[in-house]
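Reader: Could you walk me through this one while I have it open on my screen? I would like to take it piece by piece.

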Amino acid sequence: MRLAELKKVSYPETVAEAVRILAEGENRSLPLSGGVSFVFAPLKSVEELVSLSRLPLSYVKEEKGGLRIGATTPVADLAASRAAGKYGDGILSLTARRIGSNLNRNLITVGGNLVQPFIWSDLPTVALVLNAAVVIQGPSGRKTMKAEKFFARMPKQLLKDGELVTEVIFPPLPKNSRTAYEQFALTEVDFAYLKTAIRLSRTGKKCLNLAIVIGGATILPQRASGAEAALKGKTANQVLVNEASEIAAEEIKIQRDIRCSSDYKRDLARAQVRGILERILLDQKVPEWKLF
Ligand SMILES: Cc1cc2nc3c(=O)[nH]c(=O)nc-3n(C[C@H](O)[C@H](O)[C@H](O)COP(=O)(O)OP(=O)(O)OC[C@H]3O[C@@H](n4cnc5c(N)ncnc54)[C@H](O)[C@@H]3O)c2cc1C
């Protein structure tokens, strides 16, 4: 962490005050949420950090079958949240539990994890699959942006001076929805190589609607839209599931990663997509070993 130019840390108590300080500081002031990313991303020309720790933004609330999660909610709280546990097969709390170690999870916040994705980040993949919306508060008011737009490029490039992510909204899921998230890492606390999140709704084995998102192949999560098209509206069977997994593995872009080859990541994508679909669409009892 380089702090050479840092002169001040402020602790606003309201979102309006935080927005005002950030807007006045232009690009010389930066929000500080869990602060964990500063280990990896140097603080170039930052003179002021604006701590979000006193803002009333740490909560997980149920609302009409959906969830509203405050930006400063530590991922440890998301992992433990009963409301999150009840939403969409518990995908959000299960994902939060897979982030780093206990110590990391106490610091890392939902907002920080979404605003600054790294190739190992978990929540962007799940926010995209669940069609979440990000609430942004700035000098010109409040706006909401769908995850698809938020992750179309690095979110920090979208945020103007003074704009803060304050909340993430997870919409209610249709009846008969299933969701699942899988990731592959060498150890329980290591950065995952690749992860897959799937949301679908079904009647019997007919797949009415689905989203397949792969994370960790590139920094930003990717929709496997060819694989989705192969299944949407069809009655699934093993052959179709194998085909869709193959399409997903072939269609995703893969960025160079010093830890493994691109082919290895394609193999992981194929296995994860297939394993999840066998479980939540074909109702097979897929043992863990088969997923990886
Ligand atoms: C050892 C280790 C292991 C890790 N493992 C994982 C892992 O397995 N999976 C995973 O997903 N992550 C993992 N992380 C965390 C990840 O790399 C990021 O560091 C973390 O998500 C940042 O969250 P934060 O709350 O600390 O945000 P910060 O570091 O405080 O902020 C991140 C960036 O976003 C900006 N920002 C923060 N909040 C807001 C907001 N509300 N509005 C606007 N801008 C904002 C900040 O100015 C900063 O530029 C790991 C980190 C470490 C150190």
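Author: Gladly, and please keep in mind that this is a predicted model. A place to begin is K61, which stands opposite R68 of strand 5.

Reader: Which strands are pairing there, and over how many bridges?

Author: Strand 4 and strand 5, the latter covering residues 66-70, pair in the antiparallel sense, and the pairing runs over 4 bridges. Both belong to an open sheet of 5 strands, in which the order is 4-5-8-6-7 and the pairing is antiparallel.

Reader: Which strands stand at the edges, then?

Author: Those are strand 4 (60-63) and strand 7 (141-146), and because each has a single partner strand, one side of each is left without a neighbour in the sheet. Between neighbouring strands of this sheet the turn is 25° on average, with direction ignored.

Reader: What packs on the sheet?

Author: Helix 1, residues 15-25, packs on it and touches strand 6 (133-138) as well as strand 8 (164-170), with a direction that makes about 130° with that of strand 8.

Reader: Switching to the ligand, which residues come nearest?

Author: The ligand has 31 residues around it, and those that come nearest are G34, V36, S37, G111 and G112. By class, the shell divides into 18 nonpolar residues, 12 polar and 1 charged.

Reader: And which element gives the largest share of that shell?

Author: That is helix 6, with 4 residues. At least two residues each are supplied by strand 2 (29-32), helix 5 (102-107), helix 6 (110-115) and strand 8.

Reader: How many residues of domain 2 are in contact with domain 3?

Author: There are 20 residues of domain 2 in contact with 21 residues of domain 3. On the domain 2 side, helix 4 (91-97) and helix 7 (123-129) are the elements that give two or more residues, and the largest share, 5 residues, comes from helix 7. That side has 12 nonpolar, 5 polar and 3 charged residues.

Reader: Last one: at what angle do helix 11 and helix 12 pack?

Author: Helix 11 (residues 238-251) and helix 12 (residues 262-280) pack at about 145°, and their axes are 8 Å apart. The crossing is right-handed, and the residues that meet include V241 and A248 from helix 11, and A269 and L277 from helix 12. By class, this contact has 7 nonpolar, 2 polar and 5 charged residues.

Technical notes. Residues numbered from 1 in each chain as written. Predicted model: local features only at pLDDT ≥ 70, side-chain atom pairs only at ≥ 80, totals over all residues. Pairing = 2+ DSSP bridges. Axes fitted to C-alpha atoms, helices over the stretch in contact; angles between N-to-C directions. Contact = placed C-beta atoms within 7 Å. Left-handed = near helix turned anticlockwise from the far one by under 90°. Nonpolar A, V, L, I, M, F, W, Y, C, P; charged D, E, K, R; others polar. Near = placed C-beta within 6 Å.
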